[in-house]
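Here is a short report on strands and aromatic rings. Look through the structure first, then read on.

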Amino acid sequence: MIGQNIVKNGDFLNDVWAVVGGGAREWALAESIAKSKNVAEVHVLPGNLGGVFEKKCVWPVGKDRIKIRSFEDIKKFINDYKKEVQENFGKVKRLDELNEVISYLSENNIDMVVGGQEKYLSLGLKENCEKKGIPCWGPNSKSMIIEADKCYANDLMEKWDIPCPNFENFYDPDKAKNFLKDNFGKNGKKYVVKYPYLFDGKGSRVCNTLNEALSAVDDFMVSGVICSPVDKLTIEERLYGEEVMVFFAVSGDSIKYLGSAKDYPERFDPEDTFMIKRFNNKMDHPGEMVNYITGGMGVISPHPLLKERNDLVEKIENTIVVPFLNNLLEEEKLQFNGIIYFGLCAIKENNNYNFYVFEINGRDGSPEAEGRWPTIETSLYDIAKKSYKGKLKELDIKFKKEVCVGVFTVSGSFPWFKGCGFEASKMPPGYPGKHLTGQVIDYSIDIPEKSFHRHAGTFITQTGNIAVGGGRVILGGGLANTYAQASEIAYQSISDEYIRFLGKSFRKKIGKNVD
């Protein structure tokens, strides 16, 4: 092991860890690692501006890989490296490429790496780290196929009798459309059209009408409007039940439950029909009422259905998690080590809940990580280290009694103004469609007690201002004894008193009416 802080019994003191990824999830992981008294620093890369507000966190930036530890550090960098920032279109250069990440990790005596973002895990983060002698907790690129190819994952579940929706994989857009024309609406059936590869959580289209489903096929396989046309997709029968996200640490044949969450993937509250209709018009789908899927507009944790229901967690483990992982190892020869999460549809049948898999991911989720880790007492440092060493069975993971609610602010639509960069007749719809970036954020870290912020899409301007850098901008979270109280705290933390920018938008009812 490269790290130089080894003490007796093979444990570490003043460890230096790293988390690889660039969003809000990575700061949630880093914060949990940093809770351990054994950790000196957590380097997060590519990271984002949120690192300057996190304790023990380091954000490496620029060609010289300057280590940023505070807001004063990043302002000094902007001043000292003006030419470099200008050449990078006015933004701080991050270490985005995998080879840059591996080089930095190797140069800085990192004791352990945690893979956060699916992009880097799929590109071989684990293999490349371990070639350099750096331990990396996360699946290798071959095992990431369970997330990176949804057609393949569905085929495996069907083969192994893992409960999942009925589905068909298609390799030709006309055949996919013919299937929809023949089946949509029959016996009340509706469908979900899915992009097969990695797509930042935005690759599912839940369709209420045949036209919406046909448009989804065109968007994914033909038009190139929202992505480069792909060679296949999967169409699943839509199930009606409660969405439940569950998470597990995996080490060989051992698993440990890492909690649950309820995600809010749709862009708008279901009752907000005016905004849904307007958004579809701006997306060139007039007359449709698709509530577009995003990377996640908010989260509550634990999921109310699984709160204090160990019997249901055990059922999920025995009918889904363990059979899937055992078959993955025995038949596909893919050993999994890291975090795996399953998106489930819970349906009450004969007075019992049964669970069906509609999503599998080989890493933690966002915004689920932002909502779950504040409720987990045990540090990710202890979880990842035990898991990597094959000693996960020894660990008793403890949870807090509090619940958490998180709400994302996003870059939404806004009235036209001179200099906004768009023609008045072609204003962008806002996230998850085309959206404005670069808006200055009036920002305060003096947020209410029991609240927190996690930055997803922010950057610092050449004048030292915090600005919008992506579709999802900042998540505000709250911890409390009830979901209603946590929701109130979360919404306070994203009010204009603490976060204000042009086009700021968010869902209004996350965590409400849950208790």
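Val250 stands opposite Ile255 in E12. This is a predicted model: local features need pLDDT of at least 70, side-chain atom pairs count only at pLDDT 80 or more, and totals for chains, interfaces and linings use all residues. Residues are numbered from 1 along each chain as its sequence is written, and side-chain values use heavy atoms, without hydrogens and water.

Strand E11 (residues 242–251) runs antiparallel to E12, joined by 6 bridges. Strands (E, at least two residues) and helices (H or I, at least four) are DSSP runs, numbered from the N terminus. Two strands pair if DSSP finds at least two bridges between them. The hairpin of E11 and E12 has 2 residues between the strands, and Gly252 there takes a positive phi near 65°. E12 also pairs with strand E13 (residues 298–301), antiparallel over 2 bridges. In E12 (residues 254–263), 8 of 10 residues are buried (under 20% relative accessible area, 1.4 Å probe, protein chains only).

## Aromatic pairs

The whole structure holds 19 aromatic pairs. Rings of Phe, Tyr and Trp (its six-membered ring) pair if their centres lie within 6.5 Å; planes under 30 degrees apart are stacked, over 60 edge-to-face, and the rest tilted. The centres of Trp17 and Tyr381 are 4.9 Å apart and their planes are at 40°, so this pair is tilted. Trp17 lies in strand E1 and Tyr381 in helix H14, so the pair ties together parts 364 residues apart in sequence. Trp17 and Tyr381 are both buried.

Note on methods
Buried means under 20% relative accessible area, exposed over 50%, partly exposed in between (1.4 Å probe, protein chains only).
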